[in-house]
Amino acid sequence: QVPGHLGSRLMMAVIRNGYLWTCHHVGLDSAGGNYDGVPSWTVTRSAVQWFRLPVGAGGLTYSSHGRIYDAASSHPYWFHFPSLNVNAAGNVLLGYSGSKATEYIGAFYQGRKANGSWMTRPGLVQAGRGAYTAGTRWGDYSATSADPASSSLWTVQEYADPSHELPWGTWITSIAVNP
């Protein structure tokens with residue numbers, strides 16, 4: 001789970017084909033609603049949220065957004081610290097961390113085709129290999145890039161691994177989001 005004091009700042013932004021794409025994580029209630037700071041309201045999971053904003057002479061305007069979250073009624077995944085990128089064809093890849101009560105922090109991804117269709121569920125890049133005990137700092141290593149030589153997208157994500165000197169590792173993988 002991600003401590004609330006880390007915030008939900010925008011994590012990455014890219015301009016492609018006339019749109020600015022960016023993402024962050026947000027706290028949600030059990031119904032997938034926004035956390036709004038009301039004291040009686042409880043964060044029960046976190047989601048990766050993305051935005052697509054047209055870039056034009058009049059500045060940025062709203063186009064679309066979406067969320068990746070687990071709707072499970074008990075022990076949902078907490079998804080956090082995303083990055084994204086868009087290839088020349090307009091396909092999008094988000095990479096991010098995820099954990100739940102029964103799983104250590106692992107590396108995940110989800111793709112969106114240029115036609116707007118999403119993968120049916122998040123893909124696991126690398127499962128967490130143990131407990132992360134180094135404190136609350138997490139998310140420094142989340143990056144997603146478009147491959148200039150192909151339509152593939154690459155993502156670099158953290159996962160918990162106590163066998164390392166630092167209790168985490170990074171996993172780099174190429175994902176083809178085919179049209």
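Biologist: Leaving aside its neighbours within four places in sequence, with which residues is A143 in contact?

Modeller: This is a predicted model, and A143 is found in its strand β10. Once the neighbours within four places in sequence are set aside, the contacts of A143 are S83, W154, T155, V156 and Q157.

Biologist: Is A143 buried, partly exposed or exposed?

Modeller: A residue counts as buried under 20% relative accessible area and as exposed over 50%, with partly exposed in between. The relative accessible area of A143 is 32%, so this residue is partly exposed.

Biologist: What distance separates the C-alpha atoms of A143 and I172?

Modeller: A143 and I172 lie 29 residues apart along the chain. The separation of their C-alpha atoms is 9.4 Å.

Biologist: Which strands stand at the edges of the open sheet of three strands?

Modeller: The order in this sheet is β10-β11-β12, with antiparallel pairing. An edge strand here pairs on one side only, and this applies to β10 (143–146) and β12 (168–175). From one strand to the next, the twist averages 20°. The edge strands are therefore β10 and β12.

Biologist: Which residue in β11 stands opposite S145?

Modeller: β10 and strand β11 (residues 153–160) are paired in the antiparallel sense over four bridges. Within β11, the residue opposite S145 is W154.

Biologist: Why is one side of β6 and of β9 left without a neighbour in the sheet?

Modeller: The open sheet of four strands runs in the order β6-β7-β8-β9, with antiparallel pairing. Because β6 (78–86) and β9 (123–126) stand at the edges, one side of each has no neighbour in the sheet, and each has a single partner strand.

Biologist: Which residue of β9 stands opposite F108?

Modeller: Strand β8 (residues 103–112) pairs with β9 in the antiparallel sense, over three bridges. The residue in β9 that stands opposite F108 is L124.

Biologist: How many of the ten residues of strand β2 are buried?

Modeller: Strand β2 (residues 19–28) is largely enclosed by the rest of the structure. Strand β1 (residues 12–16) pairs with β2 in the antiparallel sense over five bridges, and strand β3 (residues 45–56) pairs with β2 in the antiparallel sense over ten bridges. Of the ten residues of β2, the number buried is eight.

Biologist: Which residue in the turn between β1 and β2 has a positive phi?

Modeller: β1 and β2 form a hairpin, with two residues between them. In β2, W21 is the bridge partner of V14. The turn residue with a positive phi, of about 55°, is N17.

Definitions and conventions. Residues are numbered from 1 along each chain as its sequence is written. This is a predicted model: local features need pLDDT of at least 70, side-chain atom pairs count only at pLDDT 80 or more; totals for chains, interfaces and linings use all residues. Side-chain values use heavy atoms; hydrogens and water are left out. Axes are lines fitted to C-alpha atoms, for helices over the stretch in contact, and angles run from 0 to 180 degrees between N-to-C directions. Buried means under 20% relative accessible area, exposed over 50%, partly exposed in between (1.4 Å probe, protein chains only). Contact means heavy atoms within 4.5 Å.
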